[in-house]
Amino acid sequence: MKKTVLVSGGAGFIGSHVTVELIEAGYDVVVADNFSNCDRTCYEGVKKITGREDLPLEVIDFCDADATKKLFAKYPIDAVIHFAAFKAVGESVAKPLMYYKNNLMSFLNVLEAAQEKGGCNVLFSSSATVYGEPDAVPVTEATPRKPAMSPYGNTKVMCEDILHDAVKASEGKLKGILLRYFNPIGAHPSALIGELPRGVPNNLVPFITQTAIGKRECLNIFGNDYPTPDGTCQRDFIDIVDLARAHVFAVTRMVEGKMKKDVETFNVGTGRPYSVMELLNAFEKVNGVKVPHKFAPRRPGDVTAVWADPTLANTEMGWKATRPIEETLKAAWAWECKLAGK
Ligand code: UFG
């Protein structure tokens with residue numbers, strides 16, 4: 001019997017890539033999204049890549065508790081992957097209540113519906129943001145979490161805690177995996193799905209690709225006076241397809257009953273830091289394009305350097321990042337060119 005996975009926020013950047021990998025691994029997927037921060041491009045792209053014209057789509061706001069319960073009643077859900085959340089750090093500082101309400105309420109409703117249905121495996125999309133500015137790098141899952149630097153980051157910390165508490169009190173009905181993502185970048189090699197930022201991109205790679213294509217005049221590099229080898233921040237840039245595959249390993253581990261604890265946490269990163277300058281140089285080199293750029297003041301809230309020790313995910317889940325950064329940056333560029341009709 002095929003297992004069914006509900007992917008909340010399944011039409012977004014990460015959700016659509018995860019849906020492809022789950023389908024290719026033999027899972028049935030129900031995509032659920034309210035399209036508040038994306039359009040149907042990626043959902044349509046997933047159908048093309050997988051050949052699943054009949055891919056179930058539920059247009060739902062997970063802040064609606066009754067609708068969430070009805071959705072859980074409609075399908076035989078073996079696992080839920082929860083992506084449905086707001087994700088812009090700066091916006092969360094300006095609109096904290098909106099972020100707490102949306103990101104916490106939707107997750108609470110999912111957990112409640114899952115529990116009322118009799119139980120479920122829950123995968124929560126957490127973030128390296130929970131490590132804040134770490135005292136030492138790379139960070140392992142045992143590295144202490146730091147107070148969040150934004151309401152967005154705080155919702156990740158709080159949802160991690162909520163999952164722990166809910167699983168503990170569920171008398172075995174709920175089990176959970178927390179995946180802490182580092183910096184997901186790139187696009188599917190088919191160029192049928194990728195990142196679709198609304199307005200001016202906050203994240204580095206979409207800003208690079210939009211500048212390279214001429215949509216933006218100049219990339220600002222936020223800070224070149226950090227205590228790093230070249231003065232720019234260092235991050236663990238993880239290919240979106242590699243990251244998506246980590247979800248297949250995690251879901252399989254849950255549904256096959258291979259977990260060693262009721263809640264497990266894994267870093268999803270490469271273990272290799274790239275500075276902002278290194279990434280920019282690599283992008284220009286592999287794609288043969290120039291990206292106008294200049295140094296600008298530091299961006300408030302940025303950490304100096306964070307990258308993963310992915311050993312636990314490598315050894316316990318059997319997952320490892322495999323796509324070379326060159327392929328990732330080529331895919332990001334191919335996607336931007338496709339969007340521009342080039
Ligand atoms: N950067 C620039 N110019 C830009 C955009 C980004 O120089 O136009 C720099 C940033 O200053 C930072 C690096 O590129 O040093 C990466 O920035 P991103 O915004 O791409 O990614 P962050 O590391 O800030 O954010 C990521 C996720 C967030 C998460 C955060 C903390 O996108 O969701 O990590 O873990 F909260």
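Reply: Start with handedness: a crossing is right-handed if the near helix is turned clockwise from the far one by less than a right angle, and left-handed if anticlockwise. Helices (H or I, at least four residues) and strands (E, at least two) are DSSP runs, numbered from the N terminus. This is a predicted model, so local features need pLDDT of at least 70 and side-chain atom pairs pLDDT 80 or more, while totals for chains, interfaces and linings use all residues. Residues are numbered from 1 along each chain as its sequence is written, and side-chain values use heavy atoms, without hydrogens or water.

Me: Okay, how do H1 and H2 pass each other: left-handed or right-handed?

Reply: H1 passes H2 in a right-handed crossing. H1 covers residues 13-24 and H2 residues 41-50, with axes that come within 9 Å and cross at roughly 20 degrees. Axes are lines fitted to C-alpha atoms over the stretch in contact, with angles from 0 to 180 degrees between N-to-C directions. Under 35 degrees is roughly parallel, over 145 roughly antiparallel, 65 to 115 roughly perpendicular, the rest oblique. So H1 and H2 are roughly parallel to each other.

Me: What is the angle between H3 and H5?

Reply: About 40 degrees, with the axes of H3 (residues 65-74) and H5 (residues 96-116) 9 Å apart. H3 and H5 are therefore oblique to each other, and H3 passes H5 in a right-handed crossing.

Me: Now the loops. Which residue does a cis peptide bond join to Val137?

Reply: Pro138, with omega at about -5 degrees. Pro138 sits in the loop between strand S5 (120-127) and H6. Another backbone spot to look at is Phe35, a residue other than glycine whose phi is positive, near 55 degrees. Phe35 belongs to the loop between strand S2 (28-33) and H2.

Me: What about the second largest pocket: where does it lie?

Reply: Domain 1 (4-185 + 239-268) and domain 2 (204-235 + 272-308 + 319-335) both give residues to its lining, so the second largest pocket lies between them. Those bounds come from an automatic or database domain assignment. The pocket has a volume of about 180 Å³ and 17 lining residues, with Glu195, Leu196, Pro197, Trp335 and Leu339 nearest its centre. H7 (204-213) and H11 (325-339) each supply at least two residues of the lining.

Me: And how do H7 and H11 pack: what is their crossing angle?

Reply: Roughly 55 degrees, with the axes of H7 and H11 coming within 10 Å. H7 and H11 are therefore oblique to each other, and H7 passes H11 in a right-handed crossing.

Notes:
On a 1 Å grid over the protein atoms alone, a cavity is a set of points where a 1.4 Å probe fits but cannot get out, and a pocket is an open set with protein on both sides within 12 Å along at least five of seven lines; lining residues have an atom within 4 Å of a point. Grid points are joined across faces, edges and corners, and a volume is the space filled by probe spheres set on the points.
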